[in-house]
Amino acid sequence: MVVQEELESLLDDSGHLRTLAFLYGSKGMCSKSLGIWRILARNYSTGLWKDHAILPETDSLETSVGKMSGEEIAAVEASKILQASSDQDLVLEHLGWVFTSH
């Protein structure tokens, strides 16, 4: 657990929020992951996207990044999490910004 906390802190402090969002998502920590995607969607033009080519699961989005804004990419990633979620409260909490970002 200490290693996980150190990794989370390192990624957050270094501005690699997108990687942290994928890490949380892969560990089933949907609420934390969605929170980060929401931050990234709000701040897509501020440089928070500097780690945009790190993870292979983003390849399809990266090839069309010229056509999609960072806000849209964050919404797409968040919508994947929401589609897989059975937590209605979580879906309701994040659905509004995801819908308006598409």
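Trainee: How many salt bridges does the structure hold?
Mentor: The structure holds 1 salt bridge. The term means a side-chain nitrogen of Lys or Arg within 4 Å of a carboxyl oxygen of Asp or Glu. This is a predicted model, where local features need pLDDT of at least 70, side-chain atom pairs count only at pLDDT 80 or more, and totals for chains, interfaces and linings use all residues. Residues are numbered from 1 along each chain as its sequence is written, and side-chain values use heavy atoms, with hydrogens and water left out.

Trainee: Which side chains meet in the salt bridge?
Mentor: Glu-77 and Lys-80, at 3.4 Å from N to O. Both sit in helix H5, 3 residues apart, so about one helical turn separates them. Helices here are DSSP runs (H or I, at least four residues; strands are E, at least two), numbered from the N terminus.

Trainee: Is Glu-77 buried or exposed?
Mentor: Glu-77 counts as buried, at 6% relative accessibility. Lys-80 counts as partly exposed, at 39%. Buried means under 20% relative accessible area, exposed over 50%, and partly exposed in between (1.4 Å probe, protein chains only).

Trainee: New topic. How many helices and strands does the protein have?
Mentor: It has 6 helices and 0 strands. Of its 102 residues, 38% count as buried.

Trainee: How many aromatic pairs does a search of the whole structure find?
Mentor: The search finds 1. Rings of Phe, Tyr and Trp (its six-membered ring) pair if their centres lie within 6.5 Å; planes under 30 degrees apart count as stacked, over 60 as edge-to-face and the rest as tilted. Here the rings are those of Phe-22 and Trp-37, with centres 5.2 Å apart and planes at 85°, so the pair is edge-to-face.

Trainee: Which helices do Phe-22 and Trp-37 lie in?
Mentor: Phe-22 lies in H2 (residues 17-26) and Trp-37 in H3 (residues 30-42), so the pair ties together parts 15 residues apart in sequence. Phe-22 and Trp-37 are buried.

Trainee: Which residues in H3 are buried?
Mentor: Ser-33, Leu-34, Ile-36, Trp-37, Leu-40 and Ala-41. Seen down the axis of H3, they fall within an arc of 160°, so they line one face of the helix. The arc is taken from the directions from the helix axis to the C-beta atoms.

Trainee: What covers the buried residues of H3?
Mentor: The cover includes H2, H5 (70-84) and H6 (88-101). It rests on contacts, meaning heavy atoms within 4.5 Å.
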